[in-house]
Amino acid sequence: MGRLKHHALGEVLLLRSRCLIGRSSTCDVRLNDARISGEHASVRWTAAGWELRDLASKNGVFIRNQRVPAGERVLIAEGDAFALGDPSARAFVFTLVEAAPPVASALHVSSGSVRTSSAGLLVLPEDDHPRVSLIEGRNGRWMLEAEGDVRAVEDREIVVVDGEAWSLDLPAATGPTLDGEAGRQAGGSLLDCIALRFHVSRDEERVEITILHRAGEVRLPARSHHYLLLTLARARLEDAGAPPARQGWRDRDELCRMLAMDEYRLNVDVCRARKQFLAAGVQGAANLLERRPGTGRIRLGVGRVEIERA
């Protein structure tokens with residue numbers, strides 16, 4: 001993500017896709033000074049990079065000792081500094097210290113802390129307490145999983161988790177689509193291009209998984225959540241004669257009964273499985289487990305599976 005340094009405070013701020021700077025309490029960066037307009041300037045991400053704009057402020061925005069015309073957009077690069085209201089006042093000087101593009105994130109409204117996504121997965125309020133998961137689907141749309149259901153979410157939506165409000169920032173994808181070959185050259189593998197081999201002990205107490213892809217194999221160490229994946233892999237094989245879109249779906253409550261766990265533990269295992277595959281370099285691993293909106297049904301997002309007895 002981009003980072004903006006406020007020189008007077010010495011703070012470095014994470015840049016979400018749109019950052020509003022001004023005196024108003026609704027601004028992302030608030031400067032409580034009469035020389036600063038209510039909504040003075042904005043910094044936002046575009047396909048061309050980070051863009052600075054004067055929002056018709058009274059005292060102006062300055063970059064490279066030149067005033068930015070009101071309403072005009074100016075691209076800023078890493079290392080560029082700009083000033084608001086008074087170019088000689090250090091209190092209003094900012095520098096773009098990192099120009100990386102934004103990633104999906106959630107702002108905790110009361111504290112201002114920000115949680116960022118990793119490879120299409122964002123968990124709230126924290127990884128060890130996954131009450132809500134936000135998943136970037138294969139179509140680029142973001143979906144919210146909560147209480148066993150799934151629905152689409154929108155940029156800037158407010159989501160309440162355990163009574164706490166989070167503001168979502170879901171920037172649109174602006175880069176090129178990554179194809180399978182590009183993914184392999186980048187050192188990872190795409191979820192849609194892999195197969196899974198399950199190694200199951202005779203007593204089924206130990207389940208290991210090997211990720212199979214064109215460039216080789218990755219053996220994952222055994223984890224408790226592997227039994228959930230094994231159960232859903234068996235469902236895929238049981239439905240092998242059905243059309244691919246209908247294969248492997250199982251009811252959430254049925255799964256909980258089969259695995260002797262409650263819904264919270266199921267959600268924890270889903271989160272941990274996704275995280276393990278992300279750590280193994282599988283791009284798109286947020287879709288390792290898929291949920292069908294409005295039905296409470298879940299399935300393994302990998303269609304090619306095989307099961308071996310250890």
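A cavity is a set of grid points where a 1.4 Å probe fits but cannot get out. In this predicted model, a search of the whole structure finds one cavity of 30 Å³ or more, and the largest cavity has a volume of about 80 Å³.

**The largest cavity**

- Rolling a probe the size of a water molecule over the atoms shows where empty space is left.
- The lining of the largest cavity includes Pro130, Arg131, Val132 and Ser133, together with Glu145, Ala146, Glu147 and Gly148. Asn267, Val270, Arg274 and Arg291 also line the largest cavity.
- Strands β15 (129–136) and β16 (142–146) and helix α4 each provide at least two residues of this lining.
- The greatest contribution to the lining of the largest cavity comes from β15, with four residues.
- Classified by residue type, the lining of the largest cavity comprises five charged, four nonpolar and three polar residues.

**The second largest pocket**

- The volume of the second largest pocket is about 490 Å³.
- A total of 23 residues line the second largest pocket, and Cys27, Asp28, Val29, Leu107 and Gly112 are those that lie nearest its centre.
- At least two lining residues come from each of β2 (11–15), β3 (18–22), β4 (29–30) and β12 (105–108).
- Strand β2 gives the most to the lining of this pocket, namely four residues.
- The lining of the second largest pocket is made up of 11 nonpolar, seven polar and five charged residues.

**The five-stranded sheet**

- Strands of a sheet pair through backbone hydrogen bonds, either parallel or antiparallel.
- Five strands form an open sheet with mixed pairing, in the order β4-β3-β5-β6-β9.
- The edges of this sheet are β4 and β9 (73–76); each has a single partner strand, so one side of each is left without a neighbour in the sheet.
- Strand β6 (residues 49–54) pairs with β9 in the antiparallel sense over four bridges.
- Leu52 stands opposite Val74, a residue of β9.

- Strands β21 (residues 195–200) and β22 (residues 207–213) are joined by six bridges in the antiparallel sense.
- Phe198 has Ile209, in β22, as its bridge partner.

**The contact of helices α2 and α4**

- Two packed helices are described by the angle between their axes and the distance between the axes.
- Helix α2 packs with helix α4 (residues 263–279) at an angle of about 90 degrees, and their axes are 9 Å apart.
- Angles of 65 to 115 degrees count as roughly perpendicular, and α2 and α4 are therefore roughly perpendicular to each other.
- On the α2 side, His226, Leu228 and Leu229 take part in the contact. They meet Leu266, Asp269, Val270, Ala273, Gln276 and Phe277 in α4.
- The residues of this contact comprise six nonpolar, two polar and one charged.

Definitions and conventions: Residues numbered from 1 in each chain as written. Predicted model: local features only at pLDDT ≥ 70, side-chain atom pairs only at ≥ 80, totals over all residues. Heavy atoms only, no water. 1 Å grid on protein atoms, 1.4 Å probe; cavity = no way out; pocket = protein on both sides within 12 Å on 5 of 7 lines; lining within 4 Å. Points joined across faces, edges and corners; volume = space filled by probe spheres on them. Nonpolar A, V, L, I, M, F, W, Y, C, P; charged D, E, K, R; others polar. Pairing = 2+ DSSP bridges. Axes fitted to C-alpha atoms, helices over the stretch in contact; angles between N-to-C directions. Parallel < 35°, antiparallel > 145°, perpendicular 65-115°, else oblique. Contact = heavy atoms within 4.5 Å.
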